[in-house]
Amino acid sequence: MHAGTFRITTVPHSPTFSKKVFLGGLPPDIDERQLTHCFSVFGKHLIDWPHKNDSCYQFPPQGYAFVIFEKTSSVVSLLSQCAHVGGKFIITLSSLSVRNKQVQVRPWMLSDCFYIYAPAPPPNYRLTVFVGGVPRPTTAAQLAALLQTNFGCVLQVTIDVDSSLLYPRGSARVRFAFLHSYMAAVGKRFLRFDNSEHQKNMEIKPFVVDDAKCDKCGSDEAKFCGSSKCLSYYCTACWEEAHESDMHEPVVVGPKRSRRTRKQQIPPHQFVRAVCNPVRTVTSESTSWPVCPRNAYNTNFVCSIASLQMKATF
């Protein structure tokens, strides 16, 4: 592995990255053993790629893989040995068939998980949507800019990450400033993400809470109607009254996981503290929706990013 003839990057030794790093444009015949040898100088790690354990491929089948380090400091060490070309981290790898192949190293920076419009008004879960199919390199600020261009003012974006590696899961929560922006986003349902690297249709759905009160009478145990005509919570009596002429299916909340189970699955992390309840999935006859307890919107996210400290309440 060589850094090449480009400018070497200076990376501050700060816990700002996920331990999972994307490697793109790999030589077609480089295998796991060779990759492990190349990156062993930076610390203990694993090499992974999609469906690796379910296939017989010796080489990453689509020319990309992930290196998962044991320590965040290993990511900083790797990036310090990369060249910085056109805004990308680059290393060169060699295999039997290719010499000095330029390979992109794409880390995930934890500060990119959040976008906050300041000053943000009090939380309003009724103006929040779930966005699925988000390309994983997409930052919260980029997603906010795209949705704001299409639907109107965006107050907050949170990129969903896995609990152990803090790497993007391909989904996000977006909170709008105005009802008409929320309705426009939900009504459109799909939005095209299109740039030089990724072209993908993202799906937009209402973000459903599981302890909402009825919108008409205020009683508990309300069910959510996901029809574009309603998008409201109704208790049993109000549901029947609101749907005398329309047959809509309520969104049914899936079973909760115990608090003990959730705690075991979210290990403590000294760089990012996210004290929140995980997103669950609810289903209806024709579709499924993300759901989150209402108190998730009172969560304090605290990131310590180098000299920057960002505090946000969602």
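Trainee: Which residue in E9 is the bridge partner of Ile116?

Mentor: Gln156 is that partner. This is a predicted model, where local features need pLDDT of at least 70, side-chain atom pairs count only at pLDDT 80 or more, and totals for chains, interfaces and linings use all residues. Residues are numbered from 1 along each chain as its sequence is written, and side-chain values use heavy atoms, with hydrogens and water left out.

Trainee: What makes E7 and E9 a pair?

Mentor: Two strands pair if DSSP finds at least two bridges between them. Strand E7 (residues 114–116) and E9 have 3 bridges and run antiparallel. They meet the definition of a pair. The labels come from DSSP runs numbered from the N terminus: helices are H or I with at least four residues, strands are E with at least two.

Trainee: How many bridges join E9 to E10?

Mentor: There are 6, and E9 and strand E10 (residues 168–176) are antiparallel too. Val157 stands opposite Val174 in E10. E9 and E10 form a hairpin, with 6 residues between them.

Trainee: Why is E9 called largely enclosed?

Mentor: Count its buried residues. Buried means under 20% relative accessible area, exposed means over 50%, and partly exposed lies in between (1.4 Å probe, protein chains only). In strand E9 (residues 154–161), 7 of the 8 residues are buried, so the rest of the structure largely encloses the strand.

Trainee: Is Leu166 buried or exposed?

Mentor: Leu166 has 12% relative accessibility. The cut-off sets that value as buried. Compare His51, in the loop between E2 and E3. Phi of His51 is near 60°, also positive. His51 has a relative accessible area of 60%, and counts as exposed.

Trainee: What makes the buried residues of H4 line one face?

Mentor: In helix H4 (residues 179–188), Ser181, Tyr182, Ala185 and Val186 are buried. Seen down the axis of H4, they fall within an arc of 125°, so they line one face of the helix. The arc is that of the directions from the helix axis to the C-beta atoms. An α-helix has 3.6 residues a turn, so residues three or four places apart point the same way. On the other side of H4, Leu179, His180 and Gly187 are exposed.

Trainee: What covers the buried residues of H4?

Mentor: The cover includes strand E8 (128–132), H3, E10 and strand E12 (199–206). Just after H4, Arg189 takes a positive phi of about 70°.

Trainee: Which residues have the most contacts inside the largest nonpolar core?

Mentor: They are Leu143, Leu147, Val174 and Phe176, in a core of 46 residues. A nonpolar core is a set of buried Ala, Val, Leu, Ile, Met, Phe, Trp, Tyr and Cys residues joined through side-chain atoms within 4.5 Å. Helix H3 (residues 140–151) gives the largest share, 5 residues. Leaving aside neighbours within four places in sequence, the contacts of Leu147 (heavy atoms within 4.5 Å) include Val131, Val174, Phe176 and Met202. A second, separate core of 24 residues includes Phe17, Trp49, Phe69 and Val103.
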